[in-house]
Amino acid sequence: MSPKQAQILETGRQLFWKHGTKRVSVEEICREAGVSKMTFYRYYPNKNELIKAVIILILDESMVGYRELMAREISFKAKMEEIVRLKFESSNTVSEEFAKDIFFAAAPEIREVYEKAAAEIMQEVMANFIHAQEQGWMRADIKPGFIMYMMEAIRAQYFDEKLRSMYPNLGELAVELNRFLFYGLGVKE
């Protein structure tokens with residue numbers, strides 16, 4: 001990737017993350033990146049192609065962090081607590097506009113890129129849950145498919161207006177939902 005393409009990608013990520021994808025224009029990206037529109041279009045035929053590249057970059061980076069976490073020599077419980085912490089950090093910095101744009105209002109080709117990458121990620125997460133069950137770190141009587149289903153159902157709750165109104169920001173709601181998934185109603189040990 002050329003330095004200019006990398007600059008466009010990083011600028012797009014920062015602007016989309018902060019303001020959502022709809023509000024940010026190609027002109028704004030070019031101005032902030034210090035490139036011409038001609039340079040932009042040399043690398044990305046349109047804004048949607050940049051959005052797809054940003055989504056792939058964000059998910060790839062999060063998977064690097066996830067894999068590093070899963071490889072650490074700490075307990076499975078500690079790994080789950082770290083996942084909750086990381087979810088809080090990322091949810092606390094992302095704009096609700098970006099999350100809504102990607103999850104609910106994205107063009108079909110953008111949703112397809114996100115859903116394909118998310119499916120690959122979930123396969124790896126599922127494999128880790130199965131391994132945790134085999135090692136006795138997680139309940140053996142719960143189906144990993146059920147966990148995956150609940151993770152998706154919980155993600156959809158991020159934008160439930162009634163639930164959302166109970167929390168000052170998306171980050172705190174994300175932590176609450178993930179703690180509920182991992183710990184249920186029991187007291188955290």
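Axes here are lines fitted to C-alpha atoms, for helices over the stretch in contact, and angles run from 0 to 180 degrees between N-to-C directions. Helices are DSSP runs (H or I, at least four residues), numbered from the N terminus.

## Basis of the model

This is a predicted model, in which local features need pLDDT of at least 70 and side-chain atom pairs count only at pLDDT 80 or more, while totals for chains, interfaces and linings use all residues. Residues are numbered from 1 along each chain as its sequence is written, and side-chain values use heavy atoms, with hydrogens and water left out.

## Helices α7 and α8

Helix α7 (residues 108-135) packs against α8 at an angle of about 135°, and their axes are 9 Å apart. The two are therefore oblique to each other; angles under 35 degrees count as roughly parallel, over 145 as roughly antiparallel, 65 to 115 as roughly perpendicular and the rest as oblique. Their crossing is right-handed, a term for a near helix turned clockwise from the far one by less than a right angle.

Contact means heavy atoms within 4.5 Å. On the α7 side, the residues that meet α8 are Tyr114, Met122, Val125, Met126, Phe129, Ile130 and Gln133. Their partners in α8 are Pro144, Gly145, Ile147, Met148, Met151, Glu152 and Arg155. By type, the contact has 10 nonpolar, 2 polar and 2 charged residues. Ala, Val, Leu, Ile, Met, Phe, Trp, Tyr, Cys and Pro count as nonpolar, Asp, Glu, Lys and Arg as charged, and the others, Gly among them, as polar.

## Helices α8 and α10

Helix α8 (residues 144-157) also packs with helix α10 (residues 170-183), at an angle of about 155° and with the axes 10 Å apart. That angle makes α8 roughly antiparallel to α10. α8 passes α10 in a right-handed crossing.

From α8, Met150, Met151, Ile154 and Gln157 make the contact, and from α10, Leu173, Leu177 and Leu181. These residues divide into 6 nonpolar, 1 polar and no charged.

## Val175 in α10

Val175 lies in helix α10 and is buried, with a relative accessible area of 9%; buried means under 20%, exposed over 50%, and partly exposed in between (1.4 Å probe, protein chains only). Not counting residues up to four places away in sequence, Val175 touches Val84 and Phe88. Val175 and Phe88 are 87 residues apart in sequence, but 5.5 Å apart in space, C-alpha to C-alpha.

## Helix α1

Helix α1 (residues 3-19) has 17 residues. Its buried residues are Gln5, Ile8, Leu9, Thr11, Gly12, Arg13, Leu15 and Phe16. After α1 comes Gly20, with a positive phi near 90°.

Definitions and conventions: The expected span of a helix is 1.5 Å times one less than its number of residues.
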